[in-house]
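The paragraphs below lead through one structure step by step. Keep the sequence and the 3D view at hand while reading.

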Amino acid sequence: MTIATANYDLTPQEKKFVGWHLILAISALSVGSLFGPLQAFEHAGWDLYPYLQPVFKSYYQGLTIHGVLNALVWTTAFITGFLTLTTIRGLQRSLRYPKLNYTGFWVMVVGVLVTAVPLLANNASVLYTFYPPMKADWLFYVGLTLVVIGSWIEGYGFYFTMAAWRKEHPGETYPFIALASSVTMAMWQIATLGVAIEILTLLLPWAWGMVGGIDIQLARTYFWFTGHPLVYFWLLPAYLSWYAMLPKQAGGKLFSDSMARLVFWLFLLTSVPVGFHHQYVDPGVPDSWKFIHSILTYSVAFPSMLTAFTVIAGLEYAGRKRGGKGLFGWIKALPWDDPSVVSQLLAGILFFFGGIGGITNASYNVNLVIHNTAWVPGHFHLTVSSAATLSFMGITYWLVPYLTGRKLWKPKWALIQAWMWFIGMLIFSNAMHVLGLLGAPRRTPLGEAPYVPAEWNGHLLRVGIGGAILFVAVYLYIFIIAKTAFGGEKASESEQVTIPVAEPLHASPIPAWMDTFKPWLIGAVLLVVIAYAPVLIDLITHAVGSPGFRVW
Amino acid sequence: MTTKPIIEIDPYEKTWMRISLGLLVVFIIMVGVAGYALGFQLPASETRVNPQTVATDPNSPWSNPGLRELAPGKYEVYILAQIWLFNPREITVPVGSTVTFYVTSKDVQHGFKIQDTNINMQIIPGYVSTLTHVFDKPGEYPYICTEYCGSGHAAMFGKIIVEP
């Protein structure tokens with residue numbers, strides 16, 4: 001048995017493996033982010049797409065690349081790499097079957113490359129929701145499937161490692177960051193069953209011409225089975241960092257170890273059976289089921305509200321330890337000169353607004369006001385692009401120095417980068433929310449839409465300005481990371497970064513039911529079956545066939 | 001590991017848990033009352049049609065889309081969504097009319113949102129989306145396609161003229 005140490009170090013090979021994930025993630029981000037600003041600029045009346053002809057054909061091709069690379073590839077690649085590190089560091093043991101994890105990663109890489117071919121050839125400009133009956137090149141569906149399967153395989157690698165640790169440490173409780181990593185993966189594996197079934201039983205046979213038509217509502221239902229918990233797959237690794245790493249970086253502790261664990265278990269239980277709140281305005285789903293999913297969606301908001309308390313309490317403890325006094329003095333006392341901490345604090349602030357907007361979206365009939373409007377991308381740029389992405393950026397500000405043994409290149413610039421992202425996102429997402437309330441549709445080049453009233457123009461301009469700031473911020477980020485990884489100054493022995501892992505403030509014992517997967521997995525699957533089976537059976541038995549179309 | 005069945009929770013955290021739960025319960029009651037007592041309902045029709053014949057079959061109301069008057073001030077309107085237009089593109093009703101919309105698509109998915117109203121529906125080939133609205137104020141109400149439906153999507157809209 002190994003002795004737990006505060007500074008457990010990954011092997012050079014493990015570091016390289018995590019590093020490869022970051023290279024894949026940041027490569028995707030660097031291509032996907034080219035197109036985000038182009039959409040924002042189009043809204044503001046500066047349409048640059050005509051200048052990209054004939055390489056990139058349309059706004060929609062750009063929007064698809066932006067969504068697939070940023071929301072699916074950047075996130076999934078970063079998350080699997082980061083969770084590999086937290087699994088190894090949490091358990092203080094190497095992966096049980098490293099080759100299994102390598103296989104998972106390379107399957108994911110192949111998946112990304114296969115997806116890229118039809119995307120770049122304008123043969124899959126179907127947006128990242130790929131709603132049928134728009135029919136993409138079949139390679140697009142195969143590529144996405146491989147990305148998901150790759151992430152599954154890496155997840156299996158974590159479970160084997162967890163099981164091996166359990167055997168080696170009888171009577172001990174799973175270390176929190178390792179547990180949180182595997183819970184995230186388990187949730188993801190239940191969640192992605194939806195899109196796997198959609199692609200394998202509907203889209204691929206249809207794209208290959210084996211069936212003439214597929215039921216579109218059935219496909220949507222499978223898609224949103226995965227589509228919403230996808231958000232928690234993005235968020236949970238950020239939560240992991242906020243709970244158990246950020247307090248350490250700020251000089252504090254994890255406020256409540258047991259609560260942090262409970263929150264992750266609750267996410268495993270309630271993340272998946274909520275998809276109908278993306279289908280409130282759909283025909284074919286009875287309103288009673290929509291209402292039930294509304295209640296379930298509120299239940300999944302509960303662990304996020306607990307997170308707000310525990311994370312802020314941990315930060316307050318840190319701030320007070322650093323000498324902060326009074327009701328708000330502890331906030332000022334936090335290390336506002338540390339770009340990794342600041343990125344994550346700002347991500348948390350943006351997510352506060354994202355969470356409130358999320359409650360609005362979940363609210364059954366209130367959703368009628370904002371469904372399919374610009375509000376929705378305004379909202380999820382506060383979740384995936386702020387809570388997750390800005391946190392991930394902050395994490396890489398310590399992670400890349402840790403993996404490479406080099407010092408972060410110009411931390412001041414990293415600090416500026418984080419604030420630029422924050423300010424750009426505030427302007428962009430606020431404008432998008434307001435436009436949505438005024439009725440502006442999402443995923444539409446509003447610069448050319450004939451029905452745009454003059455009242456929207458000021459907000460459309462703000463979308464462009466926010467997009468421009470974000471554009472500079474994201475490439476500043478990529479530049480800083482590249483400079484650090486490939487040209488950074490070698491850190492001396494005493495300057496070496498260690499993985500920040502916060503100690504719990506109270507070492508309260510963890511009851512057995514909170515340290516075993518079985519009851520939670522059974523509960524999660526049961527809830528999914530109850531929440532989905534009746535509607536799915538109805539949709540399957542009354543299926544209506546739709547042929548495919550290429551309309552871009 | 002211990003056999004202690006419950007976890008320790010900070011008293012402040014307990015209060016926060018109660019507040020969080022309380023808020024969520026209040027929210028769900030509010031939307032429930034709005035939905036089931038005040039009639040702010042969602043489109044949830046389970047009517048299915050064949051998307052390949054819905055526009056041509058003479059028995060299909062969408063083979064001849066448009067407005068039908070059921071009684072004075074009471075209308076139904078069948079709208080066919082297709083790339084990249086709504087048929088009909090313009091509807092005129094007198095102020096105070098109650099209008100029920102039946103919308104379906106003969107090709108890809110579309111959206112149907114009438115500005116300044118609560119009418120907001122996903123249009124799915126094979127399914128009929130329906131909602132009812134009372135037009136109390138005269139004016140022009142654009143209805144726009146809110147779901148990506150191909151290269152002409154941004155130009156897809158129509159309008160309801162409510163005459164005084």
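Read from the N terminus, chain B of this predicted model runs α-β-β-β-β-β-β-β-β-β-β. In other words, chain B has one helix and ten strands. The radius of gyration of chain B is 22 Å, whereas the globule rule gives 15 Å for 164 residues, so chain B is more spread out than a compact globule. The C-alpha trace of chain B spans about 70 × 40 × 30 Å along its principal axes.

Chain B is divided into domain 1, residues 10-40, and domain 2, residues 61-163. Taken over C-alpha atoms, the centres of domain 1 of chain B and domain 2 of chain B are separated by 34 Å.

Next come burial and contacts within the chain. Of the 164 residues in chain B, 37% are buried. Counting contacts in chain B between residues at least 6 apart in sequence, 57% join residues at least 24 apart.

Chain B also touches chain A. How many residues does the contact take from each chain? It takes 62 residues from chain B and 68 residues from chain A. On the side of chain B that touches chain A, the elements that give two or more residues are α1 (11-36), β6 (110-114), β7 (120-123) and β9 (139-144) of chain B. The largest share of this side comes from α1(B), with twelve residues. Sorted by class, the side of chain B that touches chain A has 32 nonpolar, 21 polar and nine charged residues.

The residues of the contact of α14(A) with α17(A) divide into ten nonpolar, three polar and no charged.

How values were computed: Residues numbered from 1 in each chain as written. Chains lettered and ligands numbered in written order. Predicted model: local features only at pLDDT ≥ 70, side-chain atom pairs only at ≥ 80, totals over all residues. Helix = DSSP H or I, 4+ residues; strand = E, 2+ residues; numbered from the N terminus. Rg over C-alpha atoms; globule rule 2.2 N^0.38 Å. Buried ≥ 20, exposed ≤ 12 C-beta atoms within 10 Å, placed from the backbone. Contact = placed C-beta atoms within 7 Å. Nonpolar A, V, L, I, M, F, W, Y, C, P; charged D, E, K, R; others polar. Domains from an automatic or database assignment.
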